Amino acid sequence: RRGVRAVLVEASWAAAEPSRGHFDQAYLGKLAAQVSRYRSMGFQVALNYGLMNAPGWLMALPGARYVNQYGTAYTAGPLLDLVFDTSLRSFAQAYTDVILRLLGPLVYMVRVGGGYDGELAYPPPARGEPPNQFWAYGPAARKTDPEPGWRPCSRGLPGRARTFLTWYLTSLVDYQQWQIRSVRSVYAGQIAVLYPSVGFTTAEEQQALSDNLCGHTAAEQTGAFARGWGHAQQVSALSGPGLVVYGTWADNPVAIDQLGRLAAARHL
């Protein structure tokens, strides 16, 4: 009666696959029943299929967690390092195949992001810790790091910070593109990429790099670079039918204006 036409259903990978290769049919059946019930009420249903809630058996594998520049693993949530450890993506694809073959025909949109809160982003810092934590120091990340041994705020040759940041941000774009391909292999409807916050400008990036990513600038204090909010680069990589630019900050006109302009430039 108030004009709501669509609802979001959120799934959990951990609940769906409690042990390797074993899918909980009762849980999946409840999800399907929930989606069908909303549809019978006249709603369209969007699905967050839950990559950000990885199963415990998978999180227990060596190197499964993100690690920051201090050598600290991210343990505040079940976030699997699918950005750098591409060997783990086969597990995610197997889960994606199962849940989208079941629910894909019933939903009008699948939301991707695969990070904290389902957004396209690196993990946040632990509570009370500084925001400028870069999550690219796990075993898999170190194998591809173009600046091995470099840390934010390290002294060294000019340009090392830029090389590191370019790789760090581009790795998240690669993860975005993989998620889209992964979902598209089993689902033909709309795919919405979920972007957090307001991103950062070129000027803010230059300012942060000139200080060697030490974390002193205003944008760094929000976590913009450490969390990978490079919206311009991410949206510019989108191509193909049925892609939607999606935001989490609907009550912030700056965020909506920025994402709207980026989407319009790509005819999305």
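His 231 is found in helix α9, residues 231–236; helices here are DSSP runs of H or I, at least four residues, numbered from the N terminus. This is a predicted model, in which local features need pLDDT of at least 70 and side-chain atom pairs pLDDT 80 or more, while totals for chains, interfaces and linings use all residues. Residues are numbered from 1 along each chain as its sequence is written, and side-chain values use heavy atoms, with hydrogens and water left out.

Is His 231 buried or exposed? His 231 counts as buried because its relative accessibility is 2%, where buried means under 20% relative accessible area with a 1.4 Å probe, protein chains only. A polar atom of the His 231 side chain lies 2.8 Å from the backbone oxygen of Pro 196. Contact means heavy atoms within 4.5 Å. Leaving aside neighbours within four places in sequence, His 231 has contacts that include Tyr 195, Pro 196, Gln 258 and Leu 262.

Next, the pocket. On a 1 Å grid over the protein atoms alone, a pocket is an open set of points with protein on both sides within 12 Å along at least five of seven lines; a cavity is a set where a 1.4 Å probe fits but cannot get out; lining residues have an atom within 4 Å of a point. Volume is the space filled by probe spheres set on the points, which are joined across faces, edges and corners.

The largest pocket holds about 200 Å³. Of its 13 lining residues, Phe 200, Gly 230, His 231, Ala 232 and Gln 233 lie nearest the centre. Helices α7 (202–210), α9 and α10 (253–265) each give two or more residues to that lining.

One cavity of 30 Å³ or more turns up in the whole structure. The largest cavity has about 40 Å³ of space, and its lining includes Asn 48, Tyr 49, Arg 111 and Gln 179.

Last, the rings. Rings of Phe, Tyr and Trp (its six-membered ring) pair if their centres lie within 6.5 Å; planes under 30 degrees apart are stacked, over 60 edge-to-face, the rest tilted. That rule gives 17 aromatic pairs. Phe 84 and Trp 167 have ring centres 5.2 Å apart and planes at 35 degrees, so this pair is tilted. Phe 84 sits in the loop between α3 (56–59) and α4 (89–103), and Trp 167, 83 residues apart from it, in helix α6 (residues 160–184). Phe 84 is buried, at 8% relative accessibility, and Trp 167 is buried at 13%.

Methods. Buried < 20%, exposed > 50% of the residue type's maximum accessible area, 1.4 Å probe, protein only. Polar contact = N/O pair within 3.5 Å; in protein donor to acceptor, adjacent residues only side chain to side chain.
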